[in-house]
Structure formats: structure tokens, C-alpha cells
Amino acid sequence: MATPPLEGPAFREPATNWQNVIQQHVTAFRAREKIAYDRALAYTNGNAWAEVTQGLSEVDIQRTSTNLIFPIVETAMTSLVPPKPALTMRTRAPADSAQVQAGEALINYFLTAGRYRRELARSTYHTVLYGLGVMKTGWDAAADRAVANFVDPRNYFCDMTALREEDLKYEIEATLLSRKEVMDKIEAGIYPSSVLDTAADQYPTWMLPNKRPDQGIEGAAATEAKNLMNYQSWYLIYEVYD
């Protein structure tokens, strides 16, 4: 006799251990991606070898003196980011022209008021430099309008099994907030009050760029930068979208 199929709780997938997933992402980022990101940023800014005293190889001189990455990034910015993003709508029915104009004006207002060009420029810069550009859309209740905000790809992790955006099973954004910002989100119902169970801490070192990635050390500049970042305590919150 055939065994009847199992039903009910036996087929429920176990709850995802997001702490474990996040830790794996951060560990992998620090071991591989962060090094590549820091190197690309250092070459673009021309400070990759600013404190190195020994002689440079021909390849190193070409990377820094010629600075090939910088013109590539600037060319992309010029080509892909319009001076003033705007939408032009057309209609085939003259009777609808007033509604079309109103819709066009509303969308262009959102683009201007939300400083969409600034966010688009940041996203484009990081897309060319790091190969990943992320923007998060939402609604600003105070301003009563849509917003599109840039997300630093160094603070963004996602489902690595997905081949397309629509296949993503989860996305994670690491955010740094002050106590007031956390309290505001708790009062708004965005965060549970349990986030305050974790004590505030210093600015995470893995979020700071290393200006000397090929030397494998942060240097005095990174220490100074971190001291400036620590003018207050920070809550490191991982927002998971699944």
C-alpha cells in the first residue's frame, strides 16, 4: 500500500536564521568584495600609493599616474546621468491633454523635489566603479511624495542564487542609525522595540574604505576617519526584505 503524502507542519520550511545569513555575507564581503571595492576607489581617487615609499612597478605607475579608472567613471557619469532628469508625456487623444500635462508635472515634481539626479548620479558612480548600483524607492509621509534613495552597495547583500532581480528571495541593507533615529522608527511601527536590546557601538570598521588596500593595512588616515565617525554611538541595523 502506498504511503500517503505528508501534510501540515511536516512540510513547513524552517524559519531562516537571518543572523547566520548576515554573518556569512559580511564575512565574505570583508574577505573578497571589500578589497576589490577599496582598490577601485583608491585608484579612482589617485591615493592608492600615496604613502608608499618603495619604488613602483610599471603596472602600478600606469594604474595611478594615468588613472584609467577615473576617466571611465567620468565618461559614464556624463553619458548616463542627464543634467536635469525630466519626463515628457504624449497623448494621441487631445481631450486627455490636460490630464497628461498634470501627470507629467507631478512626476517631474517628484524628480526635482526628491533630488533624483543626485541619487541617480551616486548609483551610476557605484555601478561603474563596483559593478553594482542600488536604489530604494519609498514614500515620504512627511513630504507626501515618492522618494528614490541611493543605497551604498558596500552595505547591501542579496540572494546570490538569483539570476534576475525578480528572482531575488531576499535583500539585506546594513544601516547605521542614531538612538533618536531608532526611536523614531520604533514609534512609527517600522522597527520592533527589541532592536534596543542590542547596545549601540562604534562605527563598524568594515564599512570604512581602506585607502591602501594593496598594503593590507588601514593606516593613520582610516583611524582618523573612524574617530570622526564616532562622534556618537551607532546602532547597526540589518533590514531584511524577503
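## Second largest pocket

Strand 2 (145-151), strand 4 (171-177), helix 6 (179-187) and strand 5 each put at least two residues into the lining of the second largest pocket. Helices (H or I, at least four residues) and strands (E, at least two) are DSSP runs, numbered from the N terminus. Strand 4 is the top contributor here, giving five residues. A pocket is an open set of points on a 1 Å grid over the protein atoms alone, where a 1.4 Å probe fits and protein lies on both sides within 12 Å along at least five of seven lines; lining residues have an atom within 4 Å of a point.

In volume, this pocket comes out at about 480 Å³, counted as the space filled by probe spheres set on points joined across faces, edges and corners. Its lining splits into nine nonpolar, two polar and seven charged residues. Nonpolar takes in Ala, Val, Leu, Ile, Met, Phe, Trp, Tyr, Cys and Pro, charged is Asp, Glu, Lys and Arg, and the others, Gly among them, are polar.

## What the model is

Keep in mind that this is a predicted model: local features need pLDDT of at least 70 and side-chain atom pairs count only at pLDDT 80 or more, while totals for chains, interfaces and linings use all residues. Residues are numbered from 1 along each chain as its sequence is written, and side-chain values use heavy atoms, with hydrogens and water left out.

## Largest pocket

The largest pocket has a volume of about 720 Å³. It's lined by 25 residues, with I22, T198, L236, I237 and Y238 nearest its centre. Helix 1 (18-45) and strand 5 (235-241) each supply at least two of the lining residues, and strand 5 has the largest share, with six. By class, the lining holds 18 nonpolar, five polar and two charged residues.

## Helix packing

Helix 3 (residues 69-80) packs on helix 5 (residues 116-130) at about 140°, with the axes 9 Å apart. That makes the pair oblique. Axes are lines fitted to C-alpha atoms, for helices over the stretch in contact, and angles run from 0 to 180 degrees between N-to-C directions. Under 35 degrees counts as roughly parallel, over 145 as roughly antiparallel, 65 to 115 as roughly perpendicular and the rest as oblique.

In contact terms (heavy atoms within 4.5 Å), I69, I72, V73, A76, M77 and L80 of helix 3 meet A121, T124, Y125, V128 and L129 of helix 5. That contact has ten nonpolar, one polar and no charged residues.
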